[in-house]
Amino acid sequence: MPIGLLVLKSGAGRDPAAICADAVRLVRERIGPVASFKTAIVVQRLPKTRSGKILRGTMRRIADQQEWKMPATIDDPAILGEIAAALREAGYGTGSEVRGALMIMV
């Protein structure tokens with residue numbers, strides 16, 4: 001089941017739960033059911049390489065409870081711990097299944 005990770009702009013005044021619900025609804029409306037997801041999680045930041053690429057594969061392995069290695073090119077290694085904690089808090093990475101796509105929305 002795909003999930004979305006959302007990074008809010010600083011100073012966003014809306015409730016994060018409302019933003020997550022809107023994101024799920026908008027993806028379904030504008031892209032279609034094939035790209036829809038039911039769960040969105042607000043995170044503070046996404047793990048990136050020094051060149052700015054988002055580490056989607058590493059985050060997918062964390063969510064799927066697969067073995068993963070710390071990429072040598074990661075900009076800030078602490079972010080992966082933050083992502084893992086956010087996934088656990090939402091019920092992922094604790095034995096629940098998240099096999100499949102991990103959508104990243106910035």
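Me: Helices (H or I, at least four residues) and strands (E, at least two) are DSSP runs, numbered from the N terminus. With that in mind, how many helices and strands are there in the protein, and which pattern do they follow along the sequence?

Reply: The protein has three helices and three strands, and read along the sequence they follow the pattern β-α-β-α-α-β. This is a predicted model, in which local features need pLDDT of at least 70 and side-chain atom pairs count only at pLDDT 80 or more, while totals for chains, interfaces and linings use all residues. Residues are numbered from 1 along each chain as its sequence is written, and side-chain values use heavy atoms, with hydrogens and water left out.

Me: What is the mean pLDDT of the protein, and where is it below 50?

Reply: pLDDT is the predictor's confidence in each residue, on a scale from 0 to 100. Its mean for the protein is 85, with 87% of the residues reaching 70 or more. Over residues 96–101, however, the pLDDT is below 50, and this stretch has 17 contacts in the model beyond near neighbours in sequence, where contact means heavy atoms within 4.5 Å.

Me: How should I read the span of a helix, and what does H1 reach from its first C-alpha to its last?

Reply: The expected span is 1.5 Å times one less than the number of residues in the helix. Helix H1, with 15 residues (16–30), reaches 21 Å from its first C-alpha to its last, close to the 21 Å expected. Helix H3, with 12 residues (78–89), reaches 17 Å, close to the 16 Å expected.

Me: Which residues of H1 are buried, and which are exposed?

Reply: Buried means under 20% relative accessible area, exposed means over 50%, and partly exposed lies in between (1.4 Å probe, protein chains only). In H1 the buried residues are Ile 19, Cys 20, Ala 23, Val 24 and Val 27. They lie on the same side of H1, because they cover an arc of only 135 degrees around the axis, the arc being that of the directions from the helix axis to the C-beta atoms. On the other side of H1, Ala 17, Glu 29 and Arg 30 are exposed.

Me: Which residues of H3 are buried, and what covers them?

Reply: Ile 79, Leu 80, Ile 83, Ala 84, Ala 86 and Leu 87 are the buried residues of H3. Their arc around the axis is only 160 degrees, so they are on the same side of H3. Their cover includes strand E1 (3–7), strand E2 (39–43) and helix H2 (56–63).

Me: Which residues touch the most other members of the largest nonpolar core?

Reply: A nonpolar core is a set of buried Ala, Val, Leu, Ile, Met, Phe, Trp, Tyr and Cys residues joined through side-chain atoms within 4.5 Å. The largest one here has 18 residues, of which Leu 5, Ile 41, Val 43, Leu 46, Met 59, Ile 83 and Leu 87 touch the most other members. E1, E2, H2 and H3 each supply at least two residues of this core, and the largest share, six residues, comes from H3. A second, separate core of nine residues includes Ile 19, Val 24, Ala 35 and Ala 40.

Me: Where does Val 43 lie, and which residues does Val 43 touch?

Reply: Val 43 lies in strand E2, and it counts as buried because its relative accessible area is 6%. Leaving aside residues up to four places away in sequence, Val 43 touches Leu 5, Leu 6, Val 7, Leu 8, Ile 83 and Ala 86.

Me: Are loop residues such as Thr 49 buried or exposed?

Reply: Thr 49, found in the loop between E2 and H2, counts as buried, because its relative accessibility is 11%. With residues up to four places away in sequence not counted, Thr 49 touches Leu 55, Thr 73, Ile 74 and Asp 75.
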